[in-house]
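User: I have a model open and want to know what its labels rest on. Please set each value against its definition.

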Amino acid sequence: MTTQPPENSLPTPPPGCPAHAGIGGVRRLYGPEAEADPAGLYEKLRAEHGEVAPVLLYGDVPAWLVLGYSANLTVMRTPSRFSRDSRRWSAFRTGQVAPDNPVLPVVHWQPICVFADGQEHRRLRAPVTEGLNRFDRRGIRRHVTRFADQLIERFSTTGRADLVTQFAEHLPMLVMTQLLGMPEEYGPRLVDAARDMVRGTETAIASNEYVVSCLRRTMDRKKGAPGHDLVTWLMDHPAGLTDDEVLEHLRAVLLAGNETTVNLISDTLKMVLTDKRFRAHLSGGQMTLPDALDQVLWDSPPFLLMAGRWATGDTELGGRKINEGDMLLLGLAAGNADPAVRPDLSKPLFGNHSHLAFGSGPHECPGQDIGRAIAEAGIDILLTRLPDLHLAVPDEELTWRSSWIARHLVALPVRFTPQSVKASPAASPSTPIASTPDPAATATAASPATATAASSAEPAAPPTPDIGLGALPRQRRRWWYVLTGKSRR
Ligand code: HEM
């Protein structure tokens, strides 16, 4: 790339320092200032560089952030020039990326469809796409209704709740366990495990092992008793995926589908509760919930950016000279706000689905209909059951936890008229979410090695702080290791 690659070892200036934003005119995409206002940073970059901007990732490793709407589409739709194979990354090959760099969990190559191109991509993706397409909306809504009702019943009599930690963070995973054909009792602990991994806590490795052991156990069961579920369909697909490939794709589907849908639900609820236009439209019937979801997918896409694509040869994009092996980040949020396609950001986009939130081209999200269906049905049920739901704190007090690729609403405290204790017909009070006995719960929280070995036993109990990690070398405790790694068997 035209920017001089900065030294990996450059120190990070303290906040407030004029150099904080970057080095040699190249801005950092990480750090407190960048994470406090990603949209503001994208607009500064657009003003300074146009459609494609040089940026610095953690460790001051250089990359290109694609800001233009049409430039993003070009990158997504031209795999011959912009590959998904991260092994092409020149910064990686030349040792500029330290082994504990926080970008590694996202870009470390794995033998799954996400990192493949061409024929190999088609072979790996077909079972996933065809499997996900077999679920119909009504079936998904049935699962959503049951779990949403159970979640709402846990707080409906109190008149108050936090819709992020008590609703949005649970619903997608609970539904996904059913789509994958997992026993219902795995759900609550998978919710905790996924949350743990996203936050990168000390127990993230053990949480990953819990996810893997649940998946492996389900695969073992389905070999003897196939069902109407994604695990069965991936194993039976004519593409002939190996057991390892099935396992890695299930893990990718579970984690990618969960976090994105959690963010979509949280941000849509936040918008519905705080934006007067939506309140008025929703109650007046002018704007439907699907329209509201689209507006969020334009304004706050669950992935702010997607990493990444790698140049297959020297090329040009948005007037920039891109060198072979350079990394490009798809600026989904920045592209959605490109003045070339949205001169007035305040103008509603009712019924316009052409946002970049799900990507485009060969890697376009194959789970988008499922994610939308879960979010739409879940919010619909919540608003129907608690019609006077309102925010319990001033709008300005809401906070987000940010990373370079996503923003996560921390809490959405609400109040409503307390409901009398009565389950809706669809709810299943006999299996309340919080107290479902988990066959795994009696097992000792195992070390990762134990959990890995126990493929034919019930999954090891999910981690509690510091359990099962004592024997691990410090380096292996780091959260990035969890996500980079294949699921270690
Ligand atoms: C509703 C929230 C969701 C959003 C915003 C979202 C967004 C995305 C994006 C931006 C990509 C990458 C596209 C690219 O690289 O060009 C992607 C890929 C993917 N998504 Fe989603 N996603 C969501 C839900 C889901 C769900 C619910 C599932 C599974 C049930 C899922 C499974 C996948 C898979 C397997 C890929 C990789 C596809 C490939 O590389 O060929 N996603 N998603």
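Analyst: Start with burial: a residue is buried if 20 or more other C-beta atoms lie within 10 Å of its own, exposed if 12 or fewer, and partly exposed in between, with C-beta atoms placed from the backbone. This is a predicted model, where local features need pLDDT of at least 70, side-chain atom pairs count only at pLDDT 80 or more, and totals for chains, interfaces and linings use all residues. Residues are numbered from 1 along each chain as its sequence is written.

User: What makes α11 mostly covered?

Analyst: Of its 21 residues, 17 are buried. Helix α11 spans residues 204-224. Helices (H or I, at least four residues) and strands (E, at least two) are DSSP runs, numbered from the N terminus.

User: Why is Ala-239 called partly exposed?

Analyst: Ala-239 has 15 other C-beta atoms within 10 Å, so it is partly exposed. The residue sits in the loop between α12 (230-236) and α13.

User: Which residues does Ala-239 contact, leaving aside neighbours within four places in sequence?

Analyst: Arg-123, Ala-126 and Pro-127. A contact means that two C-beta atoms, placed from the backbone, lie within 7 Å. Ala-239 and Arg-123 are 116 residues apart in sequence, yet 6.1 Å apart in space, C-alpha to C-alpha.

User: What makes a set of residues a nonpolar core?

Analyst: The members are buried Ala, Val, Leu, Ile, Met, Phe, Trp, Tyr and Cys residues, joined through C-beta atoms within 7 Å. The largest such core here has 123 residues. Leu-329 is among those with the most contacts inside it. Helix α13 (residues 243-274) gives the largest share, 11 residues.

User: Why is this core said to lie between domain 1 and domain 2?

Analyst: Domain 1 (1-98 + 304-356) and domain 2 (118-299 + 367-484) both give residues to the core, so it lies between them. The bounds come from an automatic or database domain assignment.

User: Which helix gives the most to the shell around the ligand?

Analyst: α13, with seven residues. The shell has 29 residues, and Gly-257 and Cys-365 are among the closest.

Methods
A residue is near a molecule or strand if its C-beta atom, placed from the backbone, lies within 6 Å of it. The expected span of a helix is 1.5 Å times one less than its number of residues.
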